[in-house]
Structures are given as C-alpha cells and as structure tokens.
Amino acid sequence: MTDLDSWLAHCERLHPKTIDLGLDRVAAVAARLGLAFDATVVTVAGTNGKGSTCAMLEAIAREAGYRTGTYTSPHLVHFEERCRIQGAPVPAESLVAHFERVEQAREGTPLTYFEFTTLAILDRLARAGLDLVILEVGLGGRLDAVNIVDPDCSVITSIDLDHMDFLGPDREAIGREKAGIMRTGRPAIVSDPRPPQSVIDHAREIGADLWLAGRDFRASGDRQQWAWQGRNRRYAGLAYPALRGANQLLNAAGVLAALEALRARLPVSAQAIRNGLATVDWPGRFQILPGSPTLVLDVAHNPHAVAALAENLDAMGYYPRTHAVFGAMSDKDIGGMLGRVNPLIDHWYFCDLPTPRAAAAAELEKRWLEHSERAPNGASASRHADPVAALQAALAAADPADRIVVFGSFFTVGGALQGGLPRLQAKHLTA
C-alpha cells in the first residue's frame, strides 16, 4: 500500500460494520501512537451547521495570523478535503505515512473506516506545528472517534432529528449524545437558540462553562449589517458571513462566542473577524454558482437542513421554474425532506448514488409520488443513473432564467462536482 487510495481500500476491509460507536478501541490505538496536541483544540458537534462553523473559525483564525488545521467529514470529491492545513487540503501523499503509523499502532485492533482515517488525520495534524486545531464530530459526539481528544472549547450547533438509530429517538436523547464533547471547567458554546434540556443539564452535571445563545451571547441585525454581543465584548456593523443562508448567522454567533471564550489563548482583532467572515468559503452549503440557469448546491440531507434550504430558496427571488437533482441515503427521512421543499420544485431528477447505503432513484420517485400533491398539477419527475446524468438532463430541460438545485447527500453534490465547478449554459443560449 503505497498510495492513499490503496490505504483507503484497506480501511474499508478491516471492520464488518460501517459504524461501531465507542472510544475504547480508538483510544487504545491513539495511546500507542502517542497522539497529543500542543495546539488549542476546538471540537464542533451538531446536526447541521458543523462544517460552516469550522470554516468560519478557520477563516477568522487565519486572518488573525494563526496556523490552523481542520478536520471535517465527509468529503465532497477527494478524501484529502477532510484534512486542511492553512485552509487548503493536504496533498494525498502526505497522509500515507500517517496511515502506516496507525496500521503499526493498531496491532490487529479492528477499526472502522472512519476510526482508522480519523486517527491518521489526527496524527497528521498533531505533527504539523499548529496554533489551532478544529475538529468536526462525525456522528453524535460522546462516542465519536474525534472525542478521544480533549478540546479546549466545544461548540454545539443546531440539534435535530438525524441518525436516530444510533443517537436516540428524540432531541433530548440526541442532545445528550452531542453534549458528550463538553469538558469540565472548559467553555461549551451552544449555538442552537432552543437547545434540548439534556444539553444544559449535562453541562451543569460536569461543571462545563456553558455559553447559551440568547443568554451569554446574542446577534441582531437588519438587511445591511449585524451586531454581536457576548459576556465582555461586542461588535457592531459586521457584514454578513460570505456563506449564504439565514441559518449562517446562528453559526457565526457561536463562532464569535468561542473566540471570546478563548481570547486569553488566541486573541483575535475585530478586523480579523470582519475579514474572516467576509472571505470564508465552504463548498456545497447553499452554494450559488453563476451561469444560466442558476445552480444551487447544498448537502442538506435531513428534514431540518432541507427546511433551511427551502427557506433560502424562497428568499432568492423569482425563477420561472426550479429543477431539483436529488439523491439520498436510504436510512434518511426521505419523505420528510421531499415534503419540506416539494412546493418549490417543478421537475425532479432522482438519481442513483455510488454507495450501498443509497436509495435507488426508482425508490426516491416512489416516495415522492406517495408524498406529493403536485404531481397531478404539473410537477414531474425522471430517474437517472448518477448525479452527473441528472444534472445534464436538468440542464437540457431548463430555460436560461430557471434554476437548478442539487441536494440530498454529500454524494449527490460531490457527484455534480466530479469534473470541477460546473459553469452552466442552457442550450437556448447556444442554439
């Protein structure tokens, strides 16, 4: 195994389960690795908004002159997107030595793909001479592999229903799992304006320094600018984050709370905050690409995220027709996702995805017909072999003034991005 692809294939064969929550095996291998961080560590959990929060933290810290490392998952196109140093994905070849170190340290311990790759990336980041390490939880929090690292500050974004087979049947149970990233005596930022009581209770039980939105920090604004107030600092006249969507203000407010809580360790200037929020980039999160028709990419893959997507689409203004490329995992609340956005969609392009977990395009269409009230009124659907074929079919049918939205899974958006950022030009413009 001399390249990253061969190591990733090796990781897929090591464990019979894709997900096997628990820290004992990972912690044992990490101890044999000697895994330790000298940098300040921020761990981010939540149902939606984790990646955007990580990106904003990273952008502001870099503007302040700090050397940053960030671990997020999953990736859109290339695995190495999961590990960024100074805002850029590391070269694939630079990860190989760390996969080798994990293989030696595991001494036959069975690790899932996520656990093995997480350890390799953590090892890469720990040896990179960083000032700030930002870690995104993969699933839940308490038993996620990322949680073997003790954070100096934890951030919990929105909490909603997702991965219920693993995390529990309701927000209280899910919140309790996500609160597992908190540490005694250390700041714990909760961006969700209505967090489950279980999150608050856990923070009190362990003695974490709990920062609640609306109590310890708050954001306000008008159409032009916004302001933020924390325990001891305030910022006025801020430009809205470069990441689109009304929900990003909640994420940004939590980011500024984390930075205030860490001010003694990582002071940042108001100008670094302004520049970081103005320049932050995070592909696939309500990403609007120029062209004709307009293209919107969003990795929304649960009803809560799709509801935010629908709200953002509704705020974009008038488009004669909206075309939707949609692929999703079979274990998701597909009906809930379709129901949130269905009134905005004129034609659906359901697609297969290259993973056994995915629902087939035919199944997606069947679920849409079961939940749709628009089919008899002119809305229509078609099935396609992959996201690229679905996007091409949407482009062929769209007028220049229409819009196309691609969503439902990282695989769906990543498939559309396989050849790079699309620059759409409807056939009517070239005829």
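**Stop 1: the α1/α4 crossing**

Select helices α1 and α4: their crossing is left-handed. This is a predicted model. Helix α1 covers residues 4-12 and helix α4 covers residues 96-106. They pack at an angle of about 30°, and their axes are 9 Å apart. Angles under 35 degrees count as roughly parallel, and α1 and α4 are therefore roughly parallel to each other.

Now show the side chains. On α1, pick Leu4, Trp7, Leu8, His10 and Cys11. On α4, pick Val96, Phe99, Glu100, Glu103 and Arg106. These residues make the contact between the two helices. What classes of residue does the contact of α1 with α4 have? Six are nonpolar, one is polar and three are charged.

**Stop 2: the three-stranded sheet**

Move to strands β9, β10 and β11. They form an open sheet in the order β9-β10-β11, with antiparallel pairing. Which strands stand at the edges? They are β9 (218-221) and β11 (234-238). Each has a single partner strand, so one side of each is left without a neighbour in the sheet. From one strand to the next, the twist averages 15°.

Zoom in on β10, residues 226-229. Three bridges join β10 to β11, and the two run antiparallel. Select tryptophan 228; opposite it, in β11, stands tyrosine 235.

**Stop 3: helices on the sheet**

Finish with helix α10, residues 270-279. Helix α10 lies across β10 and β11. Against β11, helix α10 runs at about 45°.

How values were computed. Residues numbered from 1 in each chain as written. Predicted model: local features only at pLDDT ≥ 70, side-chain atom pairs only at ≥ 80, totals over all residues. Heavy atoms only, no water. Axes fitted to C-alpha atoms, helices over the stretch in contact; angles between N-to-C directions. Helix = DSSP H or I, 4+ residues; strand = E, 2+ residues; numbered from the N terminus. Parallel < 35°, antiparallel > 145°, perpendicular 65-115°, else oblique. Left-handed = near helix turned anticlockwise from the far one by under 90°. Contact = heavy atoms within 4.5 Å. Nonpolar A, V, L, I, M, F, W, Y, C, P; charged D, E, K, R; others polar. Pairing = 2+ DSSP bridges.
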